[in-house]
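Subject: Structure for you to look at

Hi there,

Here is the structure I promised to pass on. Please open it next to this message, and my notes on what I found follow below.

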Amino acid sequence: MIDFKEIIAEKIANQTELNKEEIKQYIELPPNTDLGDYAFPCFKLAKALKKSPQMIAEELKEKLTLDENITKIEIVGGYLNFFINKVILSKEVLEEIENKKESYGSNSSGENKTVLVEYSSPNIAKPFHIGHLRNTVIGASLYKIYKFLGYNTVGINHLGDYGTQFGKMIEGYKRWEKEYDIENNPIDELTNIYVRINNLCKEDESVLELCRDNFRKLEEGDEYCLEVWNKLKDLSLKEFQKTYDLLGVKFDSLKGEAFYSDKIDEVVNKLEEKGILQDSEGAKIVDLEDKGLGVCIIKKSNGSTIYATRDLAAILYRARTYNFDKCLYVVAYEQNLHFKQIFEVAKYLDIPEKCLNGLEHVSYGMVRLVTGKMSTREGTVIKVNELLEEAIERAKKIIEEKNPEMKNKDEEAKKIGLGAVIFNNVSNTIIKDQVFDWNTVLNFNGETGPYIQYIYVRTKSVLEKVDEIPNFKDINYELLQDKESQKVIFNLYNFENILMQVVQKNEPSLLARYLITLSQNYSNFYNENKIIDENKEVQNARIALTKAVNIVLKQGASLLGIEMPNKM
RNA sequence: GUGCCUAUAGCUCAGCAGGAUAGAGCAGUCGCCUCCUAAGCGACCGAUGGGGGUUCGAGUCCCUCUAGGCACACCA
């Protein structure tokens, strides 16, 4: 598709010492389109040329030639403002969307590159709460967007299925299995057991010892411990799967921590060979104090494994299995230090430079309650299933009010309820903490998932009213030159660019914001223009625009994990 | 105590790796359905935590103070 920035940069590059790439970085968008479509700030050159920005702008303007793409250049302050041919832009954008349909915005920038996305990673036998939801939604969306951009993408659910906590679970299970209805309500009942055994451990140190011993036995392959552990795992996975199905989330790999437990020897040996492993207080550590990263424990004093070691084993395994270009860890920022440590230690594992450089912690903010942090042990978590059910229920209620005649109410309510919750989880910059508030999550007005869905449904409904969608080649693009149409077209033009930014920054919220803006701009267009019109030529042009928005909104939302309803 | 992160309107957030007049949504007030879906649209109200500095130019970069969060050895 035509690249106006490129064209402008080329023109400027021909008249100055600067190279094109540098110029492209300087080119920006004016605050409003009356000033121009692209701007080049001449301040940048003032120092080098020892001239005032004004003068530079004037001289440059003289030298730059206009053509069919660039129709006007104006000087404002020290800016050189370019006006592009919007008929060409409109034609290019809409025809491209017509041709590529759902794949519009995709490209092959990720070709031959493999990116691993580790996300969701809930703990077995514990409730799947809204913290995991945020993680899951962010990860799933990154996964989809990377894939859309041509990357070979592997989604990994690094299950929390190992560690001392399972020694505790096993101990509790052994003692009170019969008192709980584990088969029918596994997660809740197991949580109850977990809370109870924790309390007992606090009272009685000898019980805690038993728990630690259980984990040691589990690592050594004790039959009973393994049996219980497997059962816990199966029951939990079955429960989690319900949530994943509801959210439409899939993984390529379910290799959790336990998978790496027998692969740590190699890690330990390598670190030993490199001479960086030290004995300290009975444990084996790597000292990273000189880098300001404290110490990283590799093996506990009782000889059992620790998560850092398992994560290192995972890096080694993944480097070998996938030879990845990127390995993203979607994990809350509590673990910043942990990832800094293991990425540092990973330098001693003899993995390819490429993989080493591709390790990246996608650190996101915590979900907290008004009352503070959630805690499984204190029973203060909000479970995802409850939230999702509530959201769907609320959507259904609104449908009954607004559109009681609607078909497939349950189906649509599900999409809308989930859309609200998912959007709420990806709409903000991920590093920021989020205070959970029922009213915010379950709000369906304003900048929300349902808003985008609503605008989409509008486009759909308009498109269904016309007899046929025109061939975009026959559209008179002169008829889409009003401000509202142009804003929408410029948004559509930027879709791919936004997706590229998302993967560059690992920030899906950029896409979420984009979809809001596109929806708002289309809504303005819709209010200002009558789409179905007596004048067929006008109608066809507006229908084409509507169709394009319809495609991009649907695809964009789907990249966030949001499905579009047919009616609202 | 040390390190990292965050601070923009009453609330929740944008602000394109320093650029032109800091944008939205929610809440509040007021308007708009004989017209393609009012889960919508418009209007009003309202903001860069304090202090220094760098620069032609700072919400954005540096220093400092303040407030909050997270992490700092056998949990993950």
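Let me start with the contacts: among those in chain A between residues at least 6 apart in sequence, 75% join residues at least 24 apart. Please keep in mind that this is a predicted model. Chain A has an average pLDDT of 94, and 100% of the residues score at least 70. For the complex, the predictor reports an ipTM of 0.96 together with a pTM of 0.95.

**Overall picture**

Chain A has 568 residues, of which 41% count as buried. Its secondary structure amounts to 22 helices and 12 strands. Taken along the principal axes, the box filled by the C-alpha atoms of chain A is roughly 85 × 65 × 40 Å. The domain assignment lists domain 1 (4-84) and domain 2 (163-229) for this chain. Between the C-alpha centres of domain 1 and domain 2 there are 68 Å.

In soluble globular proteins, nonpolar side chains tend to be buried together. Here the largest nonpolar core has 131 residues, and V117, V330 and V552 are those with the most contacts inside it. Helix α22 (residues 536-560) gives the most to this core, contributing 12 residues.

**Strands β4 and β5**

V117, one of the residues with the most contacts in the largest core, belongs to strand β4, which spans residues 114-118. Strand β4 pairs with β5 in the parallel sense, over 5 bridges. Within this pair, L116 stands opposite V154 of β5. On the way from β4 to β5 the chain passes through helix α6 (residues 130-148), and this β-α-β crossover is right-handed. Is strand β5 largely enclosed or largely open? Of its 5 residues (152-156), 4 are buried, so β5 is largely enclosed by the rest of the structure.

**A hairpin**

Strands β6 (residues 277-280) and β7 (residues 283-287) pair too, in the antiparallel sense and over 4 bridges. Q278 stands opposite I285 in β7. The two strands, β6 and β7, form a hairpin that has 2 residues between them, and E281 in its turn has a positive phi of about 50°.

**Two loop residues with positive phi**

Most residues other than glycine have a negative phi. D350 has a positive phi of about 60° although it is not a glycine. D350 sits in the loop between α13 (336-345) and α14 (353-358). Because 12 other C-beta atoms lie within 10 Å, D350 counts as exposed. N408, again not a glycine, has a positive phi of about 50°. N408 belongs to the loop between α15 (384-402) and α16 (409-426). With 12 other C-beta atoms within 10 Å, N408 is exposed.

I264 is part of helix α11 (residues 264-273). Is I264 buried or exposed? I264 is buried, because 20 other C-beta atoms lie within 10 Å, and 20 or more is the cut-off for that label. Not counting residues up to four places away in sequence, I264 touches T305, T309, R310 and A313. From I264 to K5 the separation is 259 residues in sequence and 51 Å in space, C-alpha to C-alpha.

N99 lies in helix α5, which covers residues 86-100. N99 has 11 C-beta neighbours inside 10 Å, so N99 counts as exposed. How far apart are the C-alpha atoms of N99 and Y119? They are separated by 34 Å, with N99 and Y119 lying 20 residues apart along the chain.

Happy exploring, and do write back with any questions.

Best wishes

Notes
Residues numbered from 1 in each chain as written. Chains lettered and ligands numbered in written order. Predicted model: local features only at pLDDT ≥ 70, side-chain atom pairs only at ≥ 80, totals over all residues. Pairing = 2+ DSSP bridges. Right-handed = clockwise from strand over helix to strand, strands pointing away. pLDDT = per-residue confidence, 0-100. Contact = placed C-beta atoms within 7 Å. Domains from an automatic or database assignment. Core = buried A, V, L, I, M, F, W, Y, C linked by C-beta atoms within 7 Å.
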